Amino acid sequence: MPQLAKRTGRARPSAIMQVAQKAKRLKAEGRDIISFSIGVPNFLPGPHVYAAAREALDHDSGQYGSNRGSDALLDAFIGHLERLGLPGYTRAHCASGIGAKHVLYTLAEVLLDEGDGFAFATPYWTTYLDIAEIVGADIQLLPCPPEQDYKLSPAQLDAALARKPKVFLFNNPSNPTGMVYTQAEIAALAEVLVRHPDTWIVTDDIYNAMVFDGIGYHNVVQARPELRERTIFVDSLSKTYGMPGWRVGLLAGPERVATAFATLNSNHITNVPEVVTAAAVAALNGPQDVPQAKCAEFQARRDLVMAALADIPGIVCPKPAGAFYVFPDVSVAFGKSHGDMPIRTDVDLCNALLEVKGVACVPGSAFGEPRALRISYTCPEAQLVPGLDRIREFFAELT
Ligand code: PLP
């Protein structure tokens, strides 16, 4: 019997999806479930996006498109980069893919040979680990526990880069912690990066439109422009424009990286589809009021979640300043029980919370931090406060 390739054994189904599916099953059984588990925005793009998609359908060329992305898409992305404070990129520096997930996966293939060092902070977005394992990278995790606000320090980065990883992947704002690096913190990390010229830098900044408290979005290439020659900026329409299902991801970086990426596309996805491209161009070029309004809404929701958690004795939670996640350290519950359900781990806790209170959260171990759980607060408005109340009740009932 022929065997599957070894890499399939290294790929695991997403832990986040598993929780979401269990919540869905309980809901189908008639349970009243509130889901804080899945990281999708709670809005759809504006009518101009749908109008552009319809218009594109009416004029469908029916042909293959550019492997890099259409000129209109690349130009719209370049405009977006300028608005973000990242001017000076041309079409030759850019490429597009089927969501940031596909962009990151393909980038791993472009930058990493088997056994090459791949460094990133813990807590990490689950897919980083899976991608690293599938491509056979030598994974170097940089622990950033709640005691250091889940943030990477310059000294820690310096020590990690001394081991000369081929790629350093940096996520800001962070999924799952919601942490955002200030301009000064980014500048300090950039100083370190400049001293380690053998490492590619990938910045996964897809939550850049969701930054609170006036901190603003900052990138290492703004602090040290010489880093541009080995930094790849990754973005997506999923979170900013409420378009996760449209699957559009983009990158801007050195020309040879963008060109190699487009070559892999030519043997893989071929191109981002024409109708999707038209919708993406409309989102990027259109009014930016929806992302701005959503950012203000998410900041208010973050405050509600933080206030609820502050009421629970023993929970420690660094205050997030972006994205739509809160990542409390809930280890105070370990060793306790809810009724006859012992809570030994984050997974026990999430299972009990779902069974007893019908609230779905993701265990922190999915992100490499087993003391925490992730609350995604994009659920319908009417569910947020009751869901938080149920979490409070659950902790109060632990013995
Ligand atoms: N990067 C991070 C940090 C994410 O949280 C996600 C999705 O949740 C992605 C990338 C992938 O986004 P996309 O929908 O563009 O594939």
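**Exercise 1.** Which salt bridge does D311 form, and which parts does the pair tie together?

*Solution.* Step 1: D311 pairs with R392 in a salt bridge, 3.1 Å from N to O; the term stands for a side-chain nitrogen of Lys or Arg within 4 Å of a carboxyl oxygen of Asp or Glu. Step 2: D311 sits in the loop between α12 and β9 (325–326), R392 in helix α14 (residues 381–396), so parts 81 residues apart in sequence are tied together. Helices (H or I, at least four residues) and strands (E, at least two) are DSSP runs, numbered from the N terminus.

The model is predicted: local features need pLDDT of at least 70, side-chain atom pairs count only at pLDDT 80 or more, and totals for chains, interfaces and linings use all residues. Residues are numbered from 1 along each chain as its sequence is written, and side-chain values use heavy atoms, with hydrogens and water left out.

**Exercise 2.** Classify D311 and R392 as buried, partly exposed or exposed.

*Solution.* Step 1: the classes are buried (under 20% relative accessible area), exposed (over 50%) and partly exposed (in between), with a 1.4 Å probe and protein chains only. Step 2: D311, at 52%, is exposed. Step 3: R392, at 27%, is partly exposed.
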